[in-house]
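User: Please take a close look at one part of this structure, the packing of its helices, and describe it in a connected account.

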Amino acid sequence: MAGKMVEKKIRSALPLYIAAGAFLVCAAVLPVYSLPGFLGACAVAAGAYFLSDKKIPPRVVMVPAPEDPFATGEEALDAALEKARDDLEKLEVLNARIPAAALSAQISRMEKAGAAILQQVREHPEKGRDIRKFVTYYLPTAVKILTTYADLSASGAGGENAKSLMSDVEKNAGTIAAAFEAQLDALFAGEVLDVSSDIAVLDGMLSGDGLSGKNNLKLS
């Protein structure tokens, strides 16, 4: 699941090699077997490290930005939501492991709906209570089922029990994906009702003011 990317600076390992090289050079010319010689070589190596560390710029890479924490006001629910985020990442990994195209398509539906559900709760923390069962049962159970399927598929198990279980998963994956989408749809129920009411009121006002175009007289 692609998200916002941010820059991350990674310090170069080259200063360590420069410091090690400086110590070896000092060891060749100083009596490092004595304490003064050893300390002198260490001082030169440390100086080489700090100077080179300042001169050599860090490598810049793009990494996913950290997700904002959930803040529903309930510690246990926030923890369940964080776990749900991990479960969605597991779904993505499982999708890559499972070669069956039809099943993979259903998992993609689960990923898309699940990500949208968590995004809704992140933006509207009060909706967190509405998905408690989703994050504590439906999502982790889906991950458990699909993990078993992926493990059986990877093992090459061909027994009747394995085939039967894998067939059941394939048959019911669409139902699970539809349940994820239904949960997402339920989160928008309030907004849909509000907008429908606004549309009805607006339509009534326009009709009352003769602006709806429904009863306008045609002038010749």
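Analyst: The crossing of helices α4 and α5 is left-handed. The model is a predicted one, and this pair comprises α4, residues 101-123, and α5, residues 132-155. Their axes lie 13 Å apart and form an angle of about 155°. Because angles over 145 degrees count as roughly antiparallel, α4 is roughly antiparallel to α5. On the α4 side, the contact is made by Leu103, Ile107, Met110, Gly114, Ile117 and Leu118; these meet Phe134, Val135, Leu146 and Tyr149 of α5. Sorted by class, this contact contains nine nonpolar residues and one polar residue, with no charged residues.

A second pair is formed by α1, residues 14-29, and α2, residues 35-55. The axes of α1 and α2 come within 8 Å and cross at roughly 150°, and the two helices are therefore roughly antiparallel to each other. The crossing of α1 and α2 is right-handed. From α1, the residues in contact are Pro15, Leu16, Ile18, Ala19, Ala22, Phe23 and Cys26. Their partners in α2 are Phe38, Ala41, Cys42, Val44, Ala45, Ala48, Tyr49, Ser52 and Asp53. By class, the contact of α1 with α2 has 14 nonpolar residues, one polar and one charged.

Conventions
Residues are numbered from 1 along each chain as its sequence is written. This is a predicted model: local features need pLDDT of at least 70, side-chain atom pairs count only at pLDDT 80 or more; totals for chains, interfaces and linings use all residues. Side-chain values use heavy atoms; hydrogens and water are left out. Axes are lines fitted to C-alpha atoms, for helices over the stretch in contact, and angles run from 0 to 180 degrees between N-to-C directions. Helices (H or I, at least four residues) and strands (E, at least two) are DSSP runs, numbered from the N terminus. Angles under 35 degrees count as roughly parallel, over 145 as roughly antiparallel, 65 to 115 as roughly perpendicular and the rest as oblique. A crossing is left-handed if the near helix is turned anticlockwise from the far one by less than a right angle, and right-handed if clockwise. Contact means heavy atoms within 4.5 Å. Ala, Val, Leu, Ile, Met, Phe, Trp, Tyr, Cys and Pro count as nonpolar, Asp, Glu, Lys and Arg as charged, and the others, Gly among them, as polar.
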